[in-house]
Amino acid sequence: MMYLYLKALHIIFVVCWFAGLFYIVRLFVYYAEAQAKEQLERSILTKQLALMANRLWFIITWPAAVLATIFGIWMLIENPILLQQPWMHVKLLFVVLLWIYHFKCHQFVKQVENDTLKKSNSFFRIWNEGATIILFSVVFLVILKNAFNWIFGVVGIIVFSMLLMMGYKFYKRIRERNNN
């Protein structure tokens, strides 16, 4: 019974972690867009976005990441047989990739705090797909419990992401053409 409580808590904090990751990157997009504004508007927006990013990152995203990891490790301690299953090895690889993504986002948060973030809003729109791919990969992997079949779901999300990016670029061209 303890394992099921741990699993529920793990899922809750994973959802919170991803919510924080998705929203922080959206704030980076807004921050990058604010760089093109007039000085007064830019100053007001970047200050507010920095405050929002800081609160989101340190009050929600970091605690959720730590708690998701703690409950995940605790689940493995309660049910060590999971470590003998190949799909779990692949899942743990994705967890490592997620932590790398998280730490890179942390660097971007620090750049926002110091007003030194130089990446474009287009970069962050693409960057956001990283967390999406990891999320889809892990969900398919955990549900299918197969180290191979999850690939079809991931390939699908990659193709979908590419179509989304092409749509974004097409929309951006139309918007630029209409502004001229």
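## Around Thr61

Setting aside neighbours within four places in sequence, Thr61 is in contact (heavy atoms within 4.5 Å) with Trp17, Gly20, Leu21, Leu56 and His102. This is a predicted model, where local features need pLDDT of at least 70 and side-chain atom pairs count only at pLDDT 80 or more, while totals for chains, interfaces and linings use all residues. Residues are numbered from 1 along each chain as its sequence is written, and side-chain values use heavy atoms, with hydrogens and water left out.

Thr61 sits in helix α2. Is Thr61 buried or exposed? Its relative accessible area is 0%, so Thr61 is buried (buried means under 20% relative accessible area, exposed over 50%, partly exposed in between, with a 1.4 Å probe and protein chains only). Trp17 has its own set of partners: Thr61, Ala64, Ala65, Ala68, Thr69, Leu98, Trp99 and His102, again not counting residues up to four places away in sequence.

## The overall picture

Zooming out, the protein has five helices and zero strands, giving the pattern α-α-α-α-α along the sequence. Helices (H or I, at least four residues) and strands (E, at least two) are DSSP runs, numbered from the N terminus. The C-alpha atoms fill a box of roughly 60 × 35 × 20 Å along the principal axes. Take the contacts between residues at least 6 apart in sequence: 78% of them join residues at least 24 apart.

Of the 180 residues, 37% count as buried. The accessible surface (Shrake-Rupley, 1.4 Å probe) comes to about 10,900 Å², and carbon and sulfur atoms own 70% of it. As for charge, there are 18 positive and 8 negative side chains, with the centres of the two sets 5 Å apart. Lys and Arg count as positive, Asp and Glu as negative, and His and the chain ends are not counted; each charge is placed at NZ of Lys, CZ of Arg, CG of Asp or CD of Glu.

## The nonpolar core

The largest nonpolar core has 43 residues, and those with the most contacts inside it are Trp17, Ile24, Val25, Phe28, Cys105 and Phe124. Two or more residues each come from α1 (2-34), α2 (39-78), α3 (86-113) and α4 (121-144). A core here is a set of buried Ala, Val, Leu, Ile, Met, Phe, Trp, Tyr and Cys residues joined through side-chain atoms within 4.5 Å.

## Ring pairs

The structure holds 16 aromatic pairs. One of them is Phe28 with Phe124, tilted at 50° between the planes and 5.1 Å centre to centre. That pair bridges distant parts of the chain, with Phe28 in helix α1 and Phe124 in helix α4, 96 residues apart. Phe28 is buried at 0% relative accessibility, and Phe124 is also buried, with a relative accessible area of 0%.

The rings of Phe123 and Trp127 have their planes at 15° and their centres 5.9 Å apart, so this pair is stacked. The cut-offs: rings of Phe, Tyr and Trp (its six-membered ring) pair if their centres lie within 6.5 Å, with planes under 30 degrees apart stacked, over 60 edge-to-face and the rest tilted. Phe123 and Trp127 are both in helix α4, four residues apart, or about one turn of the helix. Phe123 is partly exposed, with a relative accessible area of 28%. Ring pairs tie Phe28, Tyr101, Phe108, Phe123, Phe124 and Trp127 into a cluster.

Most residues other than glycine have a negative phi. Asp115 is not a glycine, yet has a positive phi of about 55°. Asp115 lies in the loop between α3 and α4 and is partly exposed, at 32% relative accessible area.
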